[in-house]
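Here are a few friendly notes to read alongside the model. Take them one at a time, with the structure open beside you.

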Amino acid sequence: RVSRSSHPPGSSEGTSLASEVLQRFREMHMDHTWSESLHATLQFPHRSLRSSLWLLDSGGLVSEQVPLNPSDYCPYGAAGTAQGGVVYANYGRQQDFHWLQSSGVSVGGAVVVICIGGGISFAEKVWLAEKNGAGGVLIYPDLADLPQDPRRLGLNSHTAVSEHV
């Protein structure tokens, strides 16, 4: 039943599944069964809207539009649209942002491009980018790093995106 259909966090499908599991536990006379509501700040794109990455030229005209696979969406930030310059921030670790700052590179309002890996989670990458003033985050898999990264399971050639503005 759990894997039969999608049940994203906070959805009515997830609530229904939780109620069903709780009821089954009670039917089995399990002691101390309860449910609890927790409010996480995960954001997901609207099911009917397609996310895309638009690359603009210096005149503000769209030079390329890249459709994004909804299953690769990274939900660790607020929903919205980010627009700004692009800054590469290696793995998005705090030391990477310190290096950029010491080199005179500002990430303020920029869309920060970060590689998967480096020993920190997607959530930490987005949090550190936001903390350092970035306007959005583009997280991508570097094929050279994937064989060494234990979190490579399930990754594909699509790009994971999280926007926090």
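1. Start just after helix α1, where H29 has a positive phi of about 55°. Please keep in mind that you are looking at a predicted model.

2. Now step back to α1 itself, which runs over residues 12–27. How far apart are its end C-alpha atoms? They are 23 Å apart, and this agrees with the 22 Å that 16 residues should span at 1.5 Å a residue.

3. Next, see which residues of α1 are hidden: G14, L17 and L22 are buried. These residues lie on the same side of α1, because they cover an arc of only 135° around the axis. Turn to the face pointing away from that buried side, and you will find the exposed residues S12 and T15.

4. Let's move on to charges. Side chains of opposite charge can pair when their charged atoms come close. How many salt bridges does the structure hold? There are two.

5. Is E20 buried or partly exposed? With a relative accessible area of 26%, E20 counts as partly exposed, because the buried label needs a value under 20%.

6. Another salt bridge joins the side chains of R93 and D96, at 3.0 Å from N to O.

Conventions:
Residues are numbered from 1 along each chain as its sequence is written. This is a predicted model: local features need pLDDT of at least 70, side-chain atom pairs count only at pLDDT 80 or more; totals for chains, interfaces and linings use all residues. Side-chain values use heavy atoms; hydrogens and water are left out. Helices (H or I, at least four residues) and strands (E, at least two) are DSSP runs, numbered from the N terminus. The expected span of a helix is 1.5 Å times one less than its number of residues. Buried means under 20% relative accessible area, exposed over 50%, partly exposed in between (1.4 Å probe, protein chains only). The arc is that of the directions from the helix axis to the C-beta atoms. A salt bridge is a side-chain nitrogen of Lys or Arg within 4 Å of a carboxyl oxygen of Asp or Glu.
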